[in-house]
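Here are my notes on this model. Please read them with the structure open.

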Amino acid sequence: MWDPATYLRFDDERSRPFADLLARVGARRPRAVVDLGCGPGTLTATLADRWPRASVRGIDSSPEMIARAAALGAPVEFAVADLRDWRPGPDVDVVVSNAALQWVPGHVDLLPGWVAALPPGAWLAFQVPGNADAPSHRAMRAVAAGPAWRGLLDGAAAGPREVPDAAGYARLLAAAGCAVDAWETTYLHLLRADGGDHPVLRWMEGTALRPVRAALADDGDWAAFRAALAERLAAAYPVVGGLVYFPFRRVFVVATTQGGHQ
């Protein structure tokens, strides 16, 4: 289960890649805009601000996220759905996805089908974290591999799926007939350490640790896992001058289908 409040703890840091992605989308008059994996909807609402004449829709598999999004009162239609079942309608000129596709099994296989269904001149723009091998995720997997947790987690600590690099996505979408702009950025987040939980642990609770928390139904088991992980994170990301320096790699792709731009 996704917790919108936990996810939004680092709203500024999570919003910046969305802005960087959208800066490369040149759609002028799209008829319909869809945000796949819209989460709590705060960023989806900005799409309605940018394209006020478009029909804007946000889709997410989490009822909790969609309930939070619907409460915003934005001129956006929000719906609960599995992204694997989604197909673009004939009027969808812009598809956006921000840090969601890495959670979708087989998302790479879905992309050519989405492109084929989009109208000429449509835009497909997404970004995914490329940090599966970061110290934070290695620490999570190392703790989960211990004898106390191995039988309880059953793969829940694997984290988001590994994703292609920018060149891999570019090759796939170019082969599907798109013009492609793909790049990678490593953000350096300076997270303030306030004397409470380690800030990288708090970050991970909003995303990568969510399946672990769901698998550890006993609060005592969860507390023990958190403590063991926090110790490793403190070593990997030390506090320097009250801050934790947290590098985070992301992969960006903006593809346009053949034909005139919308």
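**Notes on helix packing and aromatic pairs**

1. The model is predicted. Helix α6 (residues 135–144) and helix α11 (residues 219–236) have axes that come within 9 Å and cross at roughly 140 degrees. The crossing is right-handed.

2. Which residues of α6 and α11 make the contact? From α6 come P135, S136, A139, M140, A142, V143 and A144. From α11 come F225, A228, L229, R232, L233 and A236. By class, the contact holds 11 nonpolar residues, 1 polar and 1 charged.

3. Now the rings. The count is 9 aromatic pairs. One of them joins F126 and Y169 edge-to-face, at 5.0 Å centre to centre and 75 degrees between the planes. F126 sits in strand β5 (residues 123–129) and Y169 in helix α8 (residues 166–175), so the pair ties together parts 43 residues apart in sequence. F126 is buried, at 0% relative accessibility. Y169 is buried too, at 0%.

4. W203 and F246 also pair edge-to-face, with 5.3 Å between centres and 75 degrees between planes. This pair links distant parts of the chain: W203 belongs to helix α9 (residues 199–205) and F246 to strand β8 (residues 243–256), 43 residues apart. W203 has a relative accessible area of 2% and is buried. F246 counts as buried at 1%.

5. Ring pairs also build a cluster, made up of W203, Y237, F246 and F248.

6. Last, helix α4 (residues 63–70). Here M65, I66 and A69 are buried. Why do they lie on the same side of α4? They cover an arc of only 95 degrees around the axis, which puts them on that one side.

Technical notes: Residues are numbered from 1 along each chain as its sequence is written. This is a predicted model: local features need pLDDT of at least 70, side-chain atom pairs count only at pLDDT 80 or more; totals for chains, interfaces and linings use all residues. Side-chain values use heavy atoms; hydrogens and water are left out. Buried means under 20% relative accessible area, exposed over 50%, partly exposed in between (1.4 Å probe, protein chains only). Helices (H or I, at least four residues) and strands (E, at least two) are DSSP runs, numbered from the N terminus. The arc is that of the directions from the helix axis to the C-beta atoms. Axes are lines fitted to C-alpha atoms, for helices over the stretch in contact, and angles run from 0 to 180 degrees between N-to-C directions. A crossing is left-handed if the near helix is turned anticlockwise from the far one by less than a right angle, and right-handed if clockwise. Contact means heavy atoms within 4.5 Å. Ala, Val, Leu, Ile, Met, Phe, Trp, Tyr, Cys and Pro count as nonpolar, Asp, Glu, Lys and Arg as charged, and the others, Gly among them, as polar. Rings of Phe, Tyr and Trp (its six-membered ring) pair if their centres lie within 6.5 Å; planes under 30 degrees apart count as stacked, over 60 as edge-to-face and the rest as tilted.
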